[in-house]
Amino acid sequence: MTTATTEKPVNNGVNVEALFGAREALTKAPEAAQFKWRASCEWVKGTQSRSTVDSFYGLGAEQKHKTKFTFDSDHPEVFASEDAAATPVEIVLAGLAGCLTAGIAAVAQARDIQLRSVKATLEAGMDIRGILGADPDVRNGFDGIKVTYKIDADASLDDIKAVVAQSQKRSAVYDIITNPTNVTVEVK
Amino acid sequence: MRTTTVVIGAGQAGLAMSWWLAKRSIDHVVLERGEVANSWKTERWDSLTLLTPNWQSRLPGYGYQGGDPDGFRTMPETIGFIEQYAEVISAPVRTHTKVISVRSRGEGYEVVTDQGNWQCETVVLATGACNIPVVPAVAEAVPPAMKTLTPIQYRNPDQLEEGGVFVVGASASGVQIADEIQRSGRPVTLAVGEHVRVPRVYRGKDIKRWMDASGVLDQRYDEVDDIVRARNVPSLQLAGYTDRRTIDLNSLTRIGVKLVGRLAGINQGKAQFSGSLRNVCALADLKMIRLLDTIDEWARENGCDGEVGPPHRFEPTEVEESPPLLLDLTSGRIKTLIWATGFRPDYSWLDLPVLDRKGTIRHDGGVVEAPGLYLLGMPFLRRRKSSLIDGVGDDAHDLSAHLASYVRGKAVKTREVHARFSAG
């Protein structure tokens, strides 16, 4: 797809040819692009629970991860919890960081930019009177998320900024967080 | 009625094609549902001026003759210009002839109109890219009491009630309408999605002068990495004001327009905005810097640095710390909503299997896969300038050449068939 102009080929460990190939294939077969992501969750004790991610649906068939992934979540001691794991909102931040960073690697690869290190720190504000029901005017969720990247790469600052901007444009978790989504919760 | 080629639409594209067809001695008619330059006459707001300077209105065999090459035409002037062109080139235009359908017939086409039917070998679709305003599905959730308009219905601020106006979309139409309405004393909230920021004047020259000179506008459709993306780039944030001022999100903020993110949903009368405002502004700023870098490089390589002002960069787009994510459309503060969310072509009359699943015509640089069918005047059809008055002529040249050789090939084939029959 892209032709490296540098003598040493750029390698961020992302197979861009495969990604572009998939894009072209899915343009012709949009039904195969319909994915369903799944997670299940079981209460452990107190505020602790364990989520499991195992299978998903995509490319017209059931798919399985190579291993079953589990994520514990809990709340910190300041909430009178046992702090056995990160809080769910911190896991959301980790999800955003993981999605954006993967995007940065892929976009940089496509633009022939060699990355040496990419580090993100994330901070999100929350007024917990919302989740405690102490003030009906305070929302439950974040009042904003600040992501700060430190990136060492063979490119100008503007080019690096453009990679980060493009990664946001293409990020699933960024979209999930910035745009409203209908959520239906049922009990069976 | 019979002719070789039916051109549908007598705007700049259809007329440019007519000029080339005449040059190539191809018998044709140009069908027009209204009058010459119909869309310009009936579907534009009062204060609109062309975004391209006068010198840049070049059509085959015709160009700007007046004394203000750097000015911008008003709508009546634009209409006059296209009408004059039709006259100068004696285009065979049939006005007030509405096309009802185009269908296959034998080895050619039948064009059914409210003024009779045409049989022809080839058809050129020159009906424009902007027939129908695109209104997103979320429009259904707009509170019924709210007055809504599209840019085709919008004429001037006086037609609006006093009070707040919510403009959705920050491309050429959205920013110009927001600017005009805010200046009329009606406070504007502007929902901003992806957009393209450019300065009107850079280093003392009009941005279009730079884009023209540096070859950006001539870039071909088969030279870009991703033509789908290139064809879907939003229109430039530009206006053709007499004082040549730049219109961008910063200039709108300065006069009091309130910027919010892309309209993402409307729930119980509350508009919800994407939290991506900062990123869409960053993307637009970075793309503008890349364009200016290209211009600077071109100027350096072509030895123009001495003749123009020094390179400079513009302030980044200012975005407030926490732009609002909600706007109550039922509070009574917002009286009008304007959908400046783009346009799409109308092919409801095209009875041929050439549309993809999204309703756009499948084509290669305007050569549609149905033999003898051509498309003209669409964004980046063959060149970046394809949809401009200034750019359609080159596309018409290329496509008329293709059309002529197709017609010749068919004539040869017909003669061969006749020869075989008479020989047998």
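This is a predicted model: local features need pLDDT of at least 70, side-chain atom pairs count only at pLDDT 80 or more; totals for chains, interfaces and linings use all residues.
I'll start with chain A. It has five helices and five strands. Going along the sequence, the order is α-β-β-β-α-β-α-β-α-α. The C-alpha trace of chain A spans about 60 × 40 × 30 Å along its principal axes. Chain A has 188 residues, and 25% of them count as buried. On contact order: take the contacts in chain A with a separation of 6 or more, and 52% of those come from residues 24 or more positions apart.

Now one residue in that chain, Tyr149(A). You'll find Tyr149(A) in strand S5 of chain A, which runs over residues 144-153. Is Tyr149(A) buried or exposed? Its relative accessible area is 18%, and the cut-off for buried is under 20%, so Tyr149(A) counts as buried. What does Tyr149(A) touch, leaving aside neighbours within four places in sequence? The partners are Ala97(A), Leu100(A), Thr101(A), Ile104(A), Val118(A), Lys119(A), Ala120(A) and Val164(A). With one of these, Thr101(A), the tyrosine also makes a side-chain to side-chain polar contact of 2.7 Å. For a distance across the fold, take Leu96(A): 53 residues separate Leu96(A) from Tyr149(A) along the chain, and their C-alpha atoms are 13 Å apart.

Next, the interface. On the chain B side 18 residues are in contact with 15 residues of chain A. The area buried between the two chains is about 1,400 Å², and carbon and sulfur atoms give 49% of that. How many salt bridges does the rule find across the interface of chain B and chain A? Two. One pairing to look at on screen is Asp226(B) with Arg23(A), whose side chains form a salt bridge at 3.1 Å, N to O.

Which elements of chain B supply at least two residues each to the side that touches chain A? They are strand S17 (263-267), strand S18 (270-273) and helix H8 (277-301). H8(B) gives the most, with five residues. By residue class, that side of chain B divides into six nonpolar, six polar and six charged.

On to the core. The largest nonpolar core has 89 residues, and Val102(B) and Leu190(B) have the most contacts inside it. Helix H9 of chain B, residues 392-423, gives the most to this core, with seven residues. Let me stay with Leu190(B) for a moment. Beyond its neighbours within four places in sequence, Leu190(B) has contacts that include Val167(B), Gly169(B), Ala170(B), Gly174(B), Val175(B) and Ala178(B). Further along the chain, the list includes Leu249(B), Leu252(B), Val257(B), Lys258(B), Leu259(B) and Val260(B).

Last, the backbone angles. Asp112(A) has a phi near 60°, a positive value in a residue other than glycine. Asp112(A) sits in the loop between helix H2 (88-110) and strand S4 (115-125) of chain A. In chain B, Ser25(B) also has a positive phi, near 55°. Ser25(B) is in the loop between helix H1 (12-23) and strand S2 (28-31). Why does Ser25(B) count as exposed? Because its relative accessible area is 68%, and exposed means over 50%.

That is what I have for today.

Key
Residues are numbered from 1 along each chain as its sequence is written. Chains are lettered from A and ligands numbered from 1 in the order in which they are written. Side-chain values use heavy atoms; hydrogens and water are left out. Contact means heavy atoms within 4.5 Å. Buried area is the accessible area (1.4 Å probe) that two parts lose on being put together, summed over both. A salt bridge is a side-chain nitrogen of Lys or Arg within 4 Å of a carboxyl oxygen of Asp or Glu. Helices (H or I, at least four residues) and strands (E, at least two) are DSSP runs, numbered from the N terminus. Ala, Val, Leu, Ile, Met, Phe, Trp, Tyr, Cys and Pro count as nonpolar, Asp, Glu, Lys and Arg as charged, and the others, Gly among them, as polar. A nonpolar core is a set of buried Ala, Val, Leu, Ile, Met, Phe, Trp, Tyr and Cys residues joined through side-chain atoms within 4.5 Å. Buried means under 20% relative accessible area, exposed over 50%, partly exposed in between (1.4 Å probe, protein chains only). A polar contact is a pair of N or O atoms within 3.5 Å; within protein, one must be able to donate a hydrogen and the other to accept it, and residues adjacent in sequence count only if both atoms are side-chain atoms.
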